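Here are some notes on the model below, as numbered points.

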Number of protein chains: 2
Amino acid sequence: MPRYGRLGLPLYEAMYSMRAIRRMRPDPISDEDLEIILDAARQAPNGGNAQPWHFLVVRGEQEKATLAELYHEAWWAKRADQGMEGRDHPGLQNPVSRSAMRLADEIGGAPVMILLCATGPGAGNAQSVIPSVQNLLLAARGLGIGGTITTLHPVVDARVKTLLEIPEEAQVVYCIPLGYPRGRFGPLNRKPLKEIVSEDKWGATPDWIE
Amino acid sequence: MPRYGRLGLPLYEAMYSMRAIRRMRPDPISDEDLEIILDAARQAPNGGNAQPWHFLVVRGEQEKATLAELYHEAWWAKRADQGMEGRDHPGLQNPVSRSAMRLADEIGGAPVMILLCATGPGAGNAQSVIPSVQNLLLAARGLGIGGTITTLHPVVDARVKTLLEIPEEAQVVYCIPLGYPRGRFGPLNRKPLKEIVSEDKWGATPDWIE
């Protein structure tokens, strides 16, 4: 059995318990586990099998600390774009925002951050690499490792590229912290199927949806 | 055990054999199987849990036939954008292009086409719904059903929206034919990990990658 045989949990168990993990223990992720996760990521579909993805694993102490500072700045730059400044802003008091705010403070405590990059510019390249992030997170889940999808902000883009020597023509699509969860994996909170599925005409809810 | 318990195959088996299926038998997909596939899709991560996705299932005879004609037109419009016109163009003689060309002819023979839509405009909404397509295809694989990710083209956008009564502000992100494969599921052809993974600096290949 090749190494990926360690991803033996049932597909439904991975999918139905893979909630976003934003609080992580500092315990390291082994090289073998990272390789299994990245190997799974590259199995994902992509446009014309061009595979325009690059996975930049950040776990050097200095690189991770600086990237964490830039992530913190990017997070607050996004809030400023939305007209929300300061930790006490009323728009930031809901649980999702508070959890994301804490991640912006603590992301450097994750043992690994992976930058999912597209090797070329444009929306097409970015879209083509995104399915791989779902394989990446499902495989991590299969090994008991959690994470979440985050984005950076144009205000830090040049500095992130300089820090990690990312070529000008590449794009940083997502920043994915990974680590063993402090909390638990568990069920997801999603809209009912009836609200998000139509048949043949938009808004026509099929009678076979419960 | 809820219905999703039918997705009991090992995670690695789904990921490592889920190649693009472009030739399908016309056999119908049951309502129950479609519901399992769509229920898995909505478990995917998405920005801020806003879930800006809508799954438009097309299997009515007339809607599917018209959508298939529009898909064919869109496929050739994309080729024209790339400077390739006519079935005999040298750029279309490789196996991937020939397979895609055949799909453009035959897509109406798939028992189901699903349009993955974003409920709002902009690149952010489109990116946010994309991980769901990977859950959708993995769940289909778990039920022995194949498919592939395709895109349409702006030249048919207005007609697709009129045909299926898709609101102006929504985006059609992907068109996904689904059906039981004529060929087999099987291993995927991907670049070596060494070419697509770096550690701490772009281009620095980690020594733990085989």
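1. A salt bridge here is a side-chain nitrogen of Lys or Arg within 4 Å of a carboxyl oxygen of Asp or Glu. Keep in mind that this is a predicted model. By that rule, A:E13 and A:R141 form a salt bridge, with the closest N and O atoms 4.0 Å apart. The two ends are 128 residues apart and link distant parts of chain A. A:E13 belongs to helix α1 (residues 11–17), and A:R141 to helix α6 (residues 131–142).

2. How do the two ends of that pair sit, buried or exposed? A:E13 is partly exposed, at 35% relative accessible area. A:R141 has 12% relative accessibility and counts as buried. The cut-off for buried is under 20%, so A:R141 at 12% qualifies.

3. Over all chains, the count comes to 26 salt bridges. In general, side chains of opposite charge can pair when their charged atoms come close. One of the pairs in chain B joins B:E73 to B:R159, at 2.7 Å between the closest N and O atoms. These residues come from helix α3 (residues 61–81) and helix α7 (residues 154–164), 86 residues apart. B:E73 is partly exposed at 32%. B:R159 is partly exposed too, with a relative accessible area of 37%.

4. B:R3 deserves a separate look. Its side chain meets that of B:E35 in a salt bridge, 2.6 Å from N to O. B:R3 lies in the segment before α1 (11–16) of chain B, while B:E35 lies in helix α2 (residues 31–41), 32 residues apart. B:R3 is partly exposed, at 36% relative accessible area. B:E35 counts as buried, at 9%.

5. B:R3 also reaches the other chain. Its side chain and that of A:E210 meet in a salt bridge, 3.5 Å from N to O. What are A:R3, A:E35 and B:E210 linked in? They are linked in a network of salt bridges.

6. Now the interface as a whole. Between chain A and chain B the count is six salt bridges. Polar contacts across this interface come to 50 residue pairs, both residues at pLDDT 80 or more. On the side of chain A that touches chain B, the classes are 47 nonpolar, 15 polar and 15 charged residues.

7. How many residues of chain A are in contact with chain B? The answer is 77, and they meet 77 residues of chain B. The two chains bury about 7,100 Å² between them, 59% of it on carbon and sulfur atoms. In chain A, the residues that lose the most area to chain B are A:R190, A:W202 and A:W208. Together they make up 13% of what that side buries.

8. The largest nonpolar core has 88 residues. Which residues have the most contacts inside it? They are A:F55, A:L178, B:F55 and B:L178. Leaving out residues up to four places away in sequence, A:F55 touches residues of chain A including A:L38, A:I114 and A:L136. From chain B, A:F55 touches B:I196, B:V197 and B:S198. In soluble globular proteins, nonpolar side chains tend to be buried together.

9. Last, a loop residue. A:N46 lies between α2 (31–41) and β1 (53–58) of chain A. A:N46 is buried, with a relative accessible area of 12%. Neighbours within four places in sequence aside, its contacts are A:Q51, A:P52, A:W53, A:S128 and, from chain B, B:R190.

Terms used
Residues numbered from 1 in each chain as written. Chains lettered and ligands numbered in written order. Predicted model: local features only at pLDDT ≥ 70, side-chain atom pairs only at ≥ 80, totals over all residues. Heavy atoms only, no water. Core = buried A, V, L, I, M, F, W, Y, C linked by side-chain atoms within 4.5 Å. Buried < 20%, exposed > 50% of the residue type's maximum accessible area, 1.4 Å probe, protein only. Contact = heavy atoms within 4.5 Å. Buried area = accessible area lost by both parts, 1.4 Å probe. Polar contact = N/O pair within 3.5 Å; in protein donor to acceptor, adjacent residues only side chain to side chain. Nonpolar A, V, L, I, M, F, W, Y, C, P; charged D, E, K, R; others polar. Helix = DSSP H or I, 4+ residues; strand = E, 2+ residues; numbered from the N terminus.
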